[in-house]
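Q: Could we go through the salt bridges in this model?

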Amino acid sequence: MSDQPIYLDCQSTTPLDPRVANALVGAFDLFGNPHGRQHSFARKAADAVDVARHQVASLVGAYPHRIVFTSGATESCNLALRGVAAKAPSRRRRIVTLATEHAAVLETVADIGRHGFDAVVLPVAANGIVELDRLEDAVDDSTLVVSVMAVNNEIGVIQPLQEIAGICQRNGALFHTDATQAPSRIPVDVDDWGVDLLSLSSHKLYGPKGVGTLYLADDSVLLPIHTGGGQERGLRPGTLPTPLICGFGEAAEIATDEQQADAARMATLSAKLRRGIEAMAADAVFFGSDDRRAPGTLSFGFRGISGDHLVAMVESDIAISTGAACSSASGAVSHVLAALGCPREAASTAVRVGIGRFTSDDGINAALAAFRRATRTPDTERRQA
């Protein structure tokens, strides 16, 4: 038996799938530069990158030549938004996003707004879903791009992407989505969603850290934001990390093949976890839409117990978090929950459980047992009194 706690923080990052690890290790023999085909070492590396590009493209329903490899979703979001801003026609100076987006989008939009653009950050409904009427009012013929996350990284809500795409198309605006949390949880299809740009990160789908992708329906809509080489069709310079990309490709292929099975298992385990939480604490608060929630994601709190305290109390048994790993700070209230209009007292109790491919039924039992012990400790009882 392992003495490690059970990992339940898959929205932060996912464990490396052993099949991906095998592909990754094997690819370290491909040390040739994949951007030169003048000898066999380079050609082997280039061929391996081509295979991975096809695998990632299949995951999102795209043509391989529409996939641009990056260092991760943060770079992809920056390339998408800064790149289209750099090529924006003078009549389109508005960028629209939501208050619940990841910092990679919110901070990028804010920075672009300091350089002559109208940065519009829309509120969301209390369930975390965009209000389409409000979005319709904000998007007009001056809008350059709308950026809305497919699946929220804290509360797991699924935005109505097709409806958003329709609003963008009617106004001639581009549509970007950060789809980092979507693979394995919901099907991803760029044509079905109607997106022009889509960001992904390998380490959120059981692949290695340090590699991601930007899907581009049309290269001509943006300019590169870095210089230094003509790699990736001149859109993202720098020598590609062949082993990481091979691992990403393997992870994408597995996610494509196993998405339905993964999602079904995660939905079953999520439902079990929620039922158990409700049974032990009738006043537990759940954050975000119940109807539009991705499988495997749950954000909740116990009255009178701060999220930070609960995470610390269960740490020896299970690994969970209070929110986004990149912006967590003790005592800080999540900007996502603030955008939902949650009172500070309720928001401060929030923890995030991320169920994944390797979560077992026993793991959920262990989580429920850990929460039960935490909510019944004398310290907890004094603070709840």
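The chat below covers the salt bridges and the exposure of their residues.

Q: What should I know about the model and the numbering before we start?
A: This is a predicted model, in which local features need pLDDT of at least 70, side-chain atom pairs count only at pLDDT 80 or more, and totals for chains, interfaces and linings use all residues. Residues are numbered from 1 along each chain as its sequence is written, and side-chain values use heavy atoms, with hydrogens and water left out.

Q: How many salt bridges does a search of the whole structure find?
A: The search finds 23, a salt bridge being a side-chain nitrogen of Lys or Arg within 4 Å of a carboxyl oxygen of Asp or Glu.

Q: Which residue forms a salt bridge with Asp17?
A: Arg19 does, with the closest N and O atoms 2.9 Å apart.

Q: And is Asp17 buried or exposed?
A: Asp17 is buried, at a relative accessible area of 1%; buried means under 20%, exposed over 50% and partly exposed in between, using a 1.4 Å probe and protein chains only. Arg19 is partly exposed, at 36%.

Q: What about Glu258 and Arg19?
A: They form a salt bridge whose closest N and O atoms are 2.7 Å apart. Glu258 sits in helix α8 (residues 242-280) and Arg19 in helix α1 (residues 18-27), 239 residues apart; helices are DSSP runs of H or I with at least four residues, strands are runs of E with at least two, and both are numbered from the N terminus.

Q: Which residues are linked with Arg19 in a network of salt bridges?
A: The network links Asp17, Arg19, Glu258, Asp262 and Arg357.
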